[in-house]
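Subject: Structure handover

Hello,

Here is the structure for you to look at. My notes on the sheet, the salt bridges and the surface follow below it.

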Amino acid sequence: MVRQNKRIVAYFSRAGQNYCRGRVLTLEQGNTEVLALAIADRLQCPAFEISPIKAYPKEYYACTDLAKKELELDLRPAIKEPLPPAEDFEELILCYPIWWGTVPMAVKTFLDAYDWEGKRIVCACTHEGSGFGRSLQDLQELYPQAQIVKGLSLQGTMVAKLQEEINRWAESLNADK
């Protein structure tokens, strides 16, 4: 079993305009951040925000255009540091929104900074209908030395209402190993 003090939650989230149930709404806090902080709180482990140096546009369509360009060109936007030291964790709970069917490129920038040999990455995503998309396959292909684990997939607009489900899932991680 992974010791609680050897877990970390890393998350990428975006406030501002987001696609929610067929409409574009402005969020004060991104859905994925709500999910990640709830998991970290339940597991009593640290949370690290994956934050690009140059913030994504708050306007939804400008953000999706930029995200699509990054994906098509396989760009890795620079992220703020300091990154948590790899020896500080054995298991990463990786929380991300699904963008264009997969993980945002800023998440890949974060993951590229580590040697994943012998480490476990438990994935938790928010989406508006796509589930994990192809994110799990993409992560396994990019980081084959890591154990990529299908975790929790929630509709972003429902995250705030699903605290009990999030808690049950987080607790299951303790019994999962």
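In this predicted model, 5 strands make up an open sheet with parallel pairing, in the order 4-1-5-6-7. The edges are taken by strand 4 (47–49) and strand 7, each of which has a single partner strand, so one side of each has no neighbour in the sheet. From one strand to the next, the twist averages 20°.

Strand 1

Strand 1 is joined to strand 5 (residues 91–97) by 5 bridges, and the two run parallel. Within this pairing, Glu91 in strand 5 is the bridge partner of Arg7. With strand 4, strand 1 pairs over 3 bridges, also in the parallel sense. There, Val9 has Ala47 of strand 4 as its bridge partner.

Strands 6 and 7

Strand 6 (residues 120–127) and strand 7 (residues 147–155) run parallel and are joined by 8 bridges. Between them the chain passes through helix 4 (residues 135–142), giving a right-handed β-α-β crossover. Two of the facing positions can be named: Cys123 stands opposite Lys150 in strand 7, and Ala124 stands opposite Leu152 in strand 7.

Salt bridges

The whole structure contains 6 salt bridges by the search that was run. Among them is the one between Glu91 and Arg7, whose closest N and O atoms are 2.4 Å apart. This pair links distant parts of the chain, with Glu91 in strand 5 and Arg7 in strand 1, 84 residues apart.

Arg7, at 1%, counts as buried, and Arg120, with a relative accessible area of 6%, is buried.

Another salt bridge joins Arg42 to Glu171, with the closest N and O atoms 3.1 Å apart. Arg42 lies in helix 1 (residues 31–43) and Glu171 in helix 5 (residues 163–175), and the two distant parts of the chain that they link are 129 residues apart. Arg42 counts as partly exposed at 36% relative accessibility, and Glu171 is partly exposed with a relative accessible area of 36%.

Surface

A nonpolar patch on the surface is formed by Tyr19, Val24 and Tyr61, which together have about 280 Å² of accessible area. Val24 sits in strand 3 (residues 23–27). With a relative accessible area of 31%, Val24 is partly exposed, and a residue needs over 30% to be part of a patch.

Regards

How values were computed: Residues are numbered from 1 along each chain as its sequence is written. This is a predicted model: local features need pLDDT of at least 70, side-chain atom pairs count only at pLDDT 80 or more; totals for chains, interfaces and linings use all residues. Side-chain values use heavy atoms; hydrogens and water are left out. Patches are made of residues with over 30% relative accessible area and no salt bridge: like charges are joined within 9 Å, nonpolar side chains (Val, Leu, Ile, Met, Phe, Trp, Tyr) within 5 Å. Accessible areas come from the Shrake-Rupley method with a 1.4 Å probe; for residues, only the protein chains shown count as cover. A salt bridge is a side-chain nitrogen of Lys or Arg within 4 Å of a carboxyl oxygen of Asp or Glu. Helices (H or I, at least four residues) and strands (E, at least two) are DSSP runs, numbered from the N terminus. Buried means under 20% relative accessible area, exposed over 50%, partly exposed in between (1.4 Å probe, protein chains only). Two strands pair if DSSP finds at least two bridges between them. A crossover is right-handed if, with the strands pointing away from the viewer, the path from the first strand over the helix to the second runs clockwise. Axes are lines fitted to C-alpha atoms, for helices over the stretch in contact, and angles run from 0 to 180 degrees between N-to-C directions.
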